[in-house]
Amino acid sequence: MNRKKDKVLQCKVTVRMMTDEKAFGPGVAELLSGVQCTGSLQGAAQAMHMSYSKAWTVVRAAEQIWGFPLTERQAGGSHGGHSRLTKAAEILLQRYKKLEEKVNETAKREFELSFNPSEITKLKELGHETT
């Protein structure tokens, strides 16, 4: 395999908390972060190029699994509706982001130990040996 340019290997880890179904992961986290930023589930869904009904379904499913509301909603009126995260959802999102950060730090560290350029060179050399 002679390539003009070797591609750089990277490690990508996704953190998902699950029961027998997804309870919380990057999608729910992005949606809740979007609600924080935009003040609405509609705005968060649009930012993610997701339909409002899909966003609503994702939030409802997560609420069912966790057993508590993630958003507080106020129906539209003359100024339109808005949503915000519940205190429990704010804490859940904060803890998820911290867990994700720690998992990624650990994965990066371990990846660099096992798959640094020197280790890759050793693997390439072994790849040309026969048993």
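**View 1. The crossing of helices H1 and H4 is left-handed, a crossing counting as left-handed if the near helix is turned anticlockwise from the far one by less than a right angle, and as right-handed if clockwise.** This is a predicted model, in which local features need pLDDT of at least 70 and side-chain atom pairs count only at pLDDT 80 or more, while totals for chains, interfaces and linings use all residues. Residues are numbered from 1 along each chain as its sequence is written, and side-chain values use heavy atoms, with hydrogens and water left out. The axes of H1 (residues 26-38) and H4 (residues 87-114) come within 10 Å and cross at roughly 125°, the axes being lines fitted to C-alpha atoms over the stretch in contact, with angles from 0 to 180 degrees between N-to-C directions. Helices are DSSP runs of H or I with at least four residues, and strands are runs of E with at least two, numbered from the N terminus.

**View 2. Residues of H1 and H4 meet in a contact (heavy atoms within 4.5 Å).** From H1 come Pro 26, Ala 29, Leu 32, Ser 33 and Gln 36, and from H4 come Glu 90, Leu 93, Tyr 96 and Lys 97.

**View 3. Pro 69 lies in the loop between helix H3 (52-66) and strand S3 (71-74).** At 47% relative accessibility, Pro 69 is partly exposed, a class that lies between buried (under 20% relative accessible area) and exposed (over 50%), using a 1.4 Å probe and protein chains only. Leaving aside residues up to four places away in sequence, Pro 69 touches Glu 63 and Thr 86.
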